[in-house]
Each structure stands twice: as structure tokens, then as C-alpha cells.
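The following note collects points on the model for the attention of a colleague. Please read it alongside the sequence and coordinates.

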Amino acid sequence: MTIIAPSILAADFAKLGEEVRAIEAAGADWVHVDVMDGHFVPNITLGPDIVKALRPHASIPFDVHLMIAPVDPYLEAFRDAGADIISVHPESGPHLNRTLKRIREIGAKAGVVFNPSTLPETIEWMMDEVDHILVMSINPGFGGQSFMRSQLDKIARLRAMIDATGRDITLEVDGGVNPETAKLCVAAGATALVAGTAVFKGGPSAYADNIRALRGD
Ligand code: DX5
Ligand code: ZN
């Protein structure tokens, strides 16, 4: 079954604890946390202290998407705050291989994020270091953007690269995912979907239906 990871970027920021509890109760598999620094991407969101404050509100994994540069100095703080998966953009530091090894050393799953312009080959020589792959189907920085269909081929390419390893690397898609584009992602080989707008629209009473719709139920 496809993993659904609601992005709390679209939650009510004044009630984040409640929102995290509500999505877990509604059937979410992971909590997707978008960390932005106003420098690597043109928006600012939240830091490790907020992740730490939210952690006791859910028992499902925290999938932390770091859109910050430099990223290396902050890995430990996010891990200590309770991040289970830590994903980084190759463009956010000079040594992706070292960054991924460090994420594993501190006990988290190591993820790589592909911007729309990032080539699949970026990770060709370090598939052994990767636990998780996140394909952006928008330019990172904001929720509510439209899904870029050009990224479907990239999802399929990465699916083939993952299958060749024989390892269970999760392949997640982020940006403009709704019940219609979710189907395209899964058909291309995605096993996890991030959704902000499509989960949080309609308020807490709609979350369970919104999550079911993304799964195609
Ligand atoms: C954007 C974030 C996404 C964003 C997705 O940089 O990485 O996780 O919240 O939002 P929607 O689902 O609204 O496109
Ligand atoms: Zn994200």
C-alpha cells in the first residue's frame, strides 16, 4: 500500500500538535516536515525545536525534508529532535556522499531529494548509501503549486535504479500530489506520496477521506 505523508506545511500552524494528532488518527503513514531557511529556498518555515515539540504528538515516522544550506551542521539537531528519515538536496552541500553517511551514523534513514532539474545520475555511484529518494514535482519552497508531469519519467528512471539494487529504497513524490496525479506517480513506480493541500483541505473532519482518496480507495 502506498505510504501517505501529509506535509504539515499546509496545516494550521497555530495548532500544529493537534494537526499532527489528527493526521495520524486519519490514517497517515508518515509526517512530512518541510524545513526552509529563506536562503536555499525563498521561504522560511520551522526548525528542530518545533520538530522536537511535535514529536510526542505522533508515533508514526517523521519524514524531514531539509531545504537549507549549509545542511551538515544541522543534521544532528533534527535527529535529536526525532527525525526518522532525513532528506537532503545534493545542491545544499559539497559532499553528498559524506552527508548521507553522516545521516546513517546518527541513526536516521538517509534520503536524497531531486529538484526538477537534478539528474537521476546524481546518485548512480552511491546507491548503497541511500535509504530513501524524494522526487520534487514542483520547485521547492511553497505548497499549492501544480504538479510537473515532466518528472514522471524521472520517477520511472529512479524506480529502475532502485530495482537494480534489490534493496527496499522508498521512492516518494512531493508537490502538487492530488488523487489524480497520485495515480500517475504510483504507475511510474512511486511507493510514497507527500501531500499538503490535498490532505489538509476541508479541515480535520475531511482528513481521513482525503488520505483515502490519495490511496485510490
Ligand atoms: C514544498 C514542499 C512540499 C509542499 C507540498 O517545498 O516540499 O512538501 O508542502 O505541498 P502541496 O502538496 O500543496 O503541493
Ligand atoms: Zn517536502
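1. The chain exposes about 9300 Å², of which carbon and sulfur atoms supply 53%; accessible areas come from the Shrake-Rupley method with a 1.4 Å probe, and for residues only the protein chains shown count as cover. This is a predicted model, in which local features need pLDDT of at least 70 and side-chain atom pairs count only at pLDDT 80 or more, while totals for chains, interfaces and linings use all residues. Residues are numbered from 1 along each chain as its sequence is written, and side-chain values use heavy atoms, with hydrogens and water left out.

2. Of the 217 residues in the chain, 54% are buried (under 20% relative accessible area, 1.4 Å probe, protein chains only). The C-alpha atoms fill a box of roughly 45 × 35 × 30 Å along the principal axes.

3. Eight helices and eight strands are present in the chain (DSSP runs numbered from the N terminus: helices H or I, at least four residues; strands E, at least two).

4. Helix H5 comprises 15 residues, 151–165, and spans 22 Å from its first C-alpha to its last, close to the 21 Å expected at 1.5 Å a residue (the expected span being 1.5 Å times one less than the number of residues). Just after H5, glycine 166 adopts a positive phi of about 75°.

5. Among the buried residues of H5 are Leu152, Ile155, Leu158 and Ile162, together with Lys154 and Arg159. The buried residues of this helix pack against strands E5 (109–114), E6 (132–136) and E7 (170–174) and against helix H6 (179–188) (contact: heavy atoms within 4.5 Å).

Note on methods:
Chains are lettered from A and ligands numbered from 1 in the order in which they are written. Buried means under 20% relative accessible area, exposed over 50%, partly exposed in between (1.4 Å probe, protein chains only).
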